[in-house]
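Could you walk me through this model in the viewer, one selection after another? I would like to know what to click on and what I will find there.

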Amino acid sequence: MLRVLLLTFSVVPIACAELCKPDAQNAFKVRLSIKTALGDNAYAWDANEEYLFKAMMAFAMRRYSSKTTTQISNVLLCNVTDRVSFWFVVTDSSKNMTTVPGSEVEAAIRMNRNRINSAFLLSDKTLQFLKISTTLAPPVEPSTPVWLIVFGVVLSLIVAGIVFLIVSGIQQRKRKNKESTERENLEEKGEVTITIENGIPCETLDLKAGHVNGVFAADDERFSSL
Amino acid sequence: PEVPKEDGRPKWDNKFQYILSCIGFAVGLGNVWRFPYLCQIHGGGAFLIPYFIALIFEGIPLLHLELALGQCLRKGSIGAWHAISPYLGGVGVASWMVSVLVSLYYNTVLTWVMWYFINSFQEPLPWSICPLNENRTGLNEECYESTAVNYFWYRKTLNITPDVTDSGTLQWWLVLCLATCWAIVYLCTIRGIETTGKAIYVTALFPYLVLTAFLIHGLSLPGAAEGLAYLFTPNLGILKNPRVWLDAATQIFFSLSLAFGGLIAFSSYNPPNNDCEKDAVTVAVVNSITSLYASIPVFSVLGFKAITGYWDCLDRNIISIINEFDLPEESITRQNYTDWIRFLNSSNSEKIAGLKLKSCDLQEFLDQSVSGSGLAFIVFTQAIILMPGSQAWAILFFTMLFSLGLSSMFGNIEGVFTPLLELQIVSKSIPKELLSGIICLVCFLIALCFTLGSGSYWIDIFDSYVGSLPLLVIAFFEVIGVAYVYKIKRFSKDVKRMTGRKLNLYWQLTWRFISPLLLLIVFVAFVTLQIQKPPSYTAWNPKYEHFPMKEQKVYPQWVLAICVLLAALPCIFVPLVALFHLIKRMCRSKDPSSVPPEAFSSQEAD
């Protein structure tokens, strides 16, 4: 009886070892680059980390298939190297000696990739499941392209500058024209001085608004010539 | 408000403005992206020898000639050459024509700079990542096969067609930027030197600030020492190659912006007693020093880029080896990589061969030399992505390029504007603002053809054929005209009147013999080299079998005809105008009743 029990107990791990080996069916290779990701804060990969990995895989399977049958003991690791890479399979406890199909495992991992990465403080690039390609994140695109905004700012500044210069040029020209016409008028009547009496030029006084005072006008010799 | 002189001619606010304008005109994009490249491919420090010889025997004499001419005759290029001799009026017209053609395509280069500038305000920089393809399964194919920087330049900026005959459509974003650039040029040249004189303080001095910032930052980057050593290590054997001397002569010539008529225009606004001899030496020396000063940050950054590429290459190989052999991380470092490779090759050579490792050679990365727009928009932008704070560096870099180009554009536009102002065709009642507006609008409309899909091919054509050969011809006739038609004795008296000193032996020798001879040799060598091989270009064709290598193509016949036309059109005016005046004189001499008008009899014509 004891011998039979001993035999079964020794067959099971051997059988399990058969399930997990490189390039086995439904097995996945995992590669971690801890030093690249964490530098000086890198942790060493030991049995505890392996336990955590098994726990995360079990967690992922449970979340995906919503049945609580996957145990940590269902996840088998093998061929751990110094690179930190290893192979793993997930066995099916309901059916003896079989592994969960790779597609299910892949789907479970994809669904929980974020949680798995965070547990190890790694990212998609540093915790690689070699057969599972990462989906590319769509690029973030703002609603208006940024360059249009900058372009608008630059263009409005330039147009403002041009308008200002043109308007000031026109004003300058008007001022110059007015000055030059005034100077021309003054030059033409250079000999004739415009005498002003109480703010009114004498010519207009003579012609329009003024009345000659008859009392003084008669005696012309008393007036001095201009 | 400015107070014009009695003859109504505007003048510079102060001497510094004038010197800055000349320096700004001479110092342009070529100082940053052509001179360092020439230094690199022509034996580093050894290139400085032919460069300085060309400067002393060709650059400074021609520069002094143009500045003295403009100052003495106080007219733009067309009027000045007509005053020297009516038969030489064609030289002025040719200068004017070249200025027009160069303004057209030069501003389109500034359009590209502006496009990159307004795209530098994003995080991450748009030329650092590849966009996804249509069904989001992977990266865009064209981008993936070349690099993200190449993709952004050829596809997102130029949207280039695979062939020069395939015009493509107008790229609306480039049209917008082109309109903005011409608006900026209009804003700064709206009243001639009144407005450019103010703008030049910024556009001429700002690039030096940015170059200094890049110098300090560049020298602190890893790989800077390798880049600089590569640039300046002299290889004296290269001096036996005549190509080096030719490149030095042409570089000095085009770098100083001679024969455009812009320098004549600038100096024509000077007071007559300005010391043009000292100005010429100052401008030429500052231009050369700027070229040298600019090459230091450029090559520090290129060295940084090379070493980063080399390290990336090594790291990729290391990762493949570690993954393949399941070795612990950081067991293979860049330092012991070669030892490991030797060890693994001896023990597992098939596995190593199966990995298909690329050979990483730092020299190969440094050898990737580029000049021109490729340097600024592909190589430098890639280097900027690798720097921390890349947005700030990108903005600074493109603003610097824009200022450099803009101050050169001022000279070009002045070379177009000033002769037009003096022509009797343009009536005095047209305000300056309107004339400059018309010039800018017409140039903008014509330059729209450079925003087509094949635009950059056309710009290369314009640059090679307009911006080279006609200038040599014009300069040759300039020197011959002053030395032998106007006569050196007469010119010497004019210069003595202006500067107070007689022309010394150096100027006499160079103007009479050395410079014309040098120009002739350069011209002949240039033409010979051009004729030797059929003109070809490299096209960006995603469907090419060796993509991302560029495809070598030959220009079709009609394009070649346009090339010849572009080179010949300015030059043809020299004999045409001479012929026209000859015929006019013969007709006049046949008809004795008509009184010959002595239009430009005295040298003191204002």
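Where is the place of Arg74(B)? Select Arg74(B) and you land in the loop between helix H4 (48–73) and helix H5 (77–84) of chain B; helices (H or I, at least four residues) and strands (E, at least two) are DSSP runs, numbered from the N terminus. Arg74(B) has a positive phi of about 55 degrees, although this residue is not a glycine. Arg74(B) counts as buried because its relative accessible area is 6%; buried means under 20% relative accessible area, exposed over 50%, and partly exposed in between (1.4 Å probe, protein chains only).

Before the next stop, note that this is a predicted model, in which local features need pLDDT of at least 70, side-chain atom pairs count only at pLDDT 80 or more, and totals for chains, interfaces and linings use all residues. Residues are numbered from 1 along each chain as its sequence is written, chains are lettered from A and ligands numbered from 1 in the order in which they are written, and side-chain values use heavy atoms, with hydrogens and water left out.

**Two more backbone stops**

Most residues other than glycine have a negative phi, and most peptide bonds are trans. Now select Asp23(A), where phi is near 60 degrees, a positive value in a residue other than glycine. Asp23(A) sits in the loop between helix H1 (2–19) and strand S1 (28–32) of chain A. With a relative accessible area of 66%, Asp23(A) is exposed.

Go back to chain B and show Glu123(B) with Pro124(B): the peptide bond from the former to the latter is cis, with omega near -5 degrees. Pro124(B) belongs to the loop between H6 and helix H7 (141–145) of chain B.

**Chain A as a whole**

Colour chain A by secondary structure and look for eight helices and seven strands. Of the 226 residues in chain A, 27% are buried.

**Where the chains meet**

Next, show both chains together. How many residues of chain B are in contact with chain A? There are 33 in chain B, and they are in contact with 30 residues of chain A, where contact means heavy atoms within 4.5 Å. The area buried between the two chains is about 2,700 Å², and carbon and sulfur atoms give 67% of that area. Buried area here is the accessible area (1.4 Å probe) that two parts lose on being put together, summed over both. Highlight Ile118(B), Asp326(B) and Glu329(B): these residues supply 23% of the area that chain B buries against chain A, more than any other three residues.

A salt bridge is a side-chain nitrogen of Lys or Arg within 4 Å of a carboxyl oxygen of Asp or Glu. Across this interface of chain B and chain A the rule finds two salt bridges.

Helices H6 (89–118), H9 (172–189), H14 (276–325) and H20 (432–447) of chain B each supply at least two residues of the side that touches chain A. Colour H9(B) to see the largest share of that side, nine residues.

**Inside chain B**

Val93(B) lies in helix H6 of chain B. Leaving aside neighbours within four places in sequence, Val93(B) is in contact with Ile78(B), Phe573(B) and Val577(B). At a relative accessible area of 19%, Val93(B) is buried.

Move on to Asp163(B), found in the loop between helix H8 (148–157) and H9 of chain B. Not counting residues up to four places away in sequence, Asp163(B) touches Ser454(B), Tyr457(B), Tyr537(B) and Lys553(B).

**Aromatic rings**

A pair of aromatic rings is described by the distance of the centres and the angle of the planes. Over all chains the structure holds 55 aromatic pairs. Pick Phe25(B) and Phe266(B): their ring centres are 6.1 Å apart and their planes at 90 degrees, so the pair is edge-to-face. Rings of Phe, Tyr and Trp (its six-membered ring) pair if their centres lie within 6.5 Å; planes under 30 degrees apart count as stacked, over 60 as edge-to-face and the rest as tilted. This pair links distant parts of the chain, with Phe25(B) in helix H1 (residues 15–26) and Phe266(B) in helix H13 (residues 262–268) of chain B, 241 residues apart. Phe25(B) is buried at 2% relative accessibility.
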